[in-house]
Amino acid sequence: MLHHLCHSTGGWMTTARTPGQGPLAGVRVVELAGIGPGPFAAMLLADLGADVVRVDRPGGPGLAIDPAYDVTNRNKRSVVVDLKSPDGPARVLDLVARADVLVEGYRPGVAERLGVGPGDCHARNPRLVYGRMTGWGQDGPLAQRAGHDIAYIAPTGTLGMIGRPDEPPAVPANLLGDYAGGSLYLVVGVLAALHHARATGTGQVVDAAIVDGASHLATMIHGMLAAGGWQDRRGANLLDGGCPYYGTYETADGRHMAVGALESRFYAQFLALLGIEDRAEARKDVSQWGELREQVAIRFKTRTRDEWTAVFEGSDACVAPVLSLREAPHHPHLAARGTFTDHGGITQPAPAPRFSATPTSVRTGPAQPGADTAEVARDWDVPGLLPSSRNPQ
């Protein structure tokens, strides 16, 4: 059983564990609907077993795909609340009173203006972990400015590291900022704060900013830069494509192979299988890297991607084929592990990481806006969510 402090009743209330599986079974999360890193963070919590109730706005969040395909809303339930209506904030606060975590991704100050900011929420539930997801953070000169992933990672130095030296920085989809620097840091913060709340009875606000997380991801490289082991420019270093045995190469069929043969023993196997064993000395001689890169490129162009995959199969040369999104689920290793799963006709990544005692799974498909109102009202004991229970306007 989980215990929640419900301010409205003036004491402790005991609630039954809500349906779910995984290490977070029984944890209740309110997600204020948005797009991008907030929903993905809430999905990760849901994948781990939390009971995530997404509070959708009338008309939807504006994502340009059919909600039935938005798998970031899997394993969740949805209610629709108009926060701009007179009774909207009260209905959300009734959910908050019974929750462990809230996740929102508004610009700073918006939740406060809507009546569901940290002050309002903690007045109802002092134990609540209030997770805030933004690009710029809750304060600073740019806090009120609009932006998207690419604009957030640009000032951090991380975007400038990616790509060829003679071309503009490469765009890493929205993985580096939104999800790595944003969602994952929000989840780490929420789980740490949840641990603290359960130990002390005191909730807090988690300010997860993409600029902070994306900067933090480069911690090791900042250390290398300070030590003189990293040049502050693209394509000039061991891990950014500057090294000829750590990068990608085109094959005869226009596809690509990825090479990461950093250690000497792996490098030796790489050269042997590629057929250029005589280039062993080039590994540590930077002056030979240009010529080595040309030779490696020429060799890879002599066979197709699948042929090279067969050549390197079973070796420790650290070479792998570069697959497309549709190809990835069929890779023998990923297929054997079940890294991808099919649910409701949609092939999608399975929950990660994995747990020995509390396994996770895709339990339900994308939550449809408002489809779970009656169920949530019953399970969370929030009858005000039901239209018939609201006060007439």
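# A guided tour of a predicted model

Strands (E, at least two residues) and helices (H or I, at least four residues) are DSSP runs, numbered from the N terminus. The model is predicted: local features need pLDDT of at least 70 and side-chain atom pairs count only at pLDDT 80 or more, while totals for chains, interfaces and linings use all residues. Residues are numbered from 1 along each chain as its sequence is written, and side-chain values use heavy atoms, with hydrogens and water left out.

**Stop 1: leucine 32**

Is leucine 32 buried or exposed? Leucine 32 has a relative accessible area of 4% and is therefore buried. Buried means under 20% relative accessible area, exposed means over 50%, and partly exposed lies in between (1.4 Å probe, protein chains only). Next, display the residues that leucine 32 touches, leaving aside those up to four places away in sequence: Val55, Val92, Leu102, Val103, Glu104, Tyr106 and Val116. A contact means heavy atoms within 4.5 Å. Then select valine 53: its C-alpha lies 8.6 Å from that of leucine 32, and the two residues are 21 apart in sequence.

**Stop 2: strands S3 and S4**

Select residues 28-32, which form strand S3; five bridges join S3 to S4, and the two strands run parallel. Two strands pair if DSSP finds at least two bridges between them. Within this pairing, glutamate 31 stands opposite arginine 54 in S4.

Now select residues 51-56, which form strand S4: six of its six residues are buried. In a regular strand the side chains alternate between the two faces of the sheet. Which residues of S4 lie on each side? Asp51, Val53 and Val55 are on one side, Val52, Arg54 and Asp56 are on the other, and all are buried, so both faces of S4 are covered.

**Stop 3: backbone features**

Most residues other than glycine have a negative phi, and most peptide bonds are trans. Select asparagine 75, which has a positive phi of about 60° although it is not a glycine. Asparagine 75 lies in the loop between S4 and strand S5 (76-80), and with 4% relative accessibility it counts as buried.

Aspartate 381, in the segment after H13, is another residue other than glycine with a positive phi, near 55°. Aspartate 381 has a relative accessible area of 47% and is therefore partly exposed.

Finally, select alanine 352 and proline 353, which are joined by a cis peptide bond with omega of about -5°. Proline 353 is in the loop between strand S13 (346-349) and helix H13 (373-379).

**Stop 4: the whole protein**

The protein has 13 helices and 13 strands, and its C-alpha trace spans about 80 × 45 × 40 Å along its principal axes. Of the 393 residues, 43% are buried.

Colour the two assigned domains separately: domain 1 is 28-218 + 363-385 and domain 2 is 246-322. These bounds come from an automatic or database domain assignment. The centres of domain 1 and domain 2, taken over C-alpha atoms, are 42 Å apart.

Among contacts with a separation of 6 or more, 65% are between residues 24 or more positions apart.
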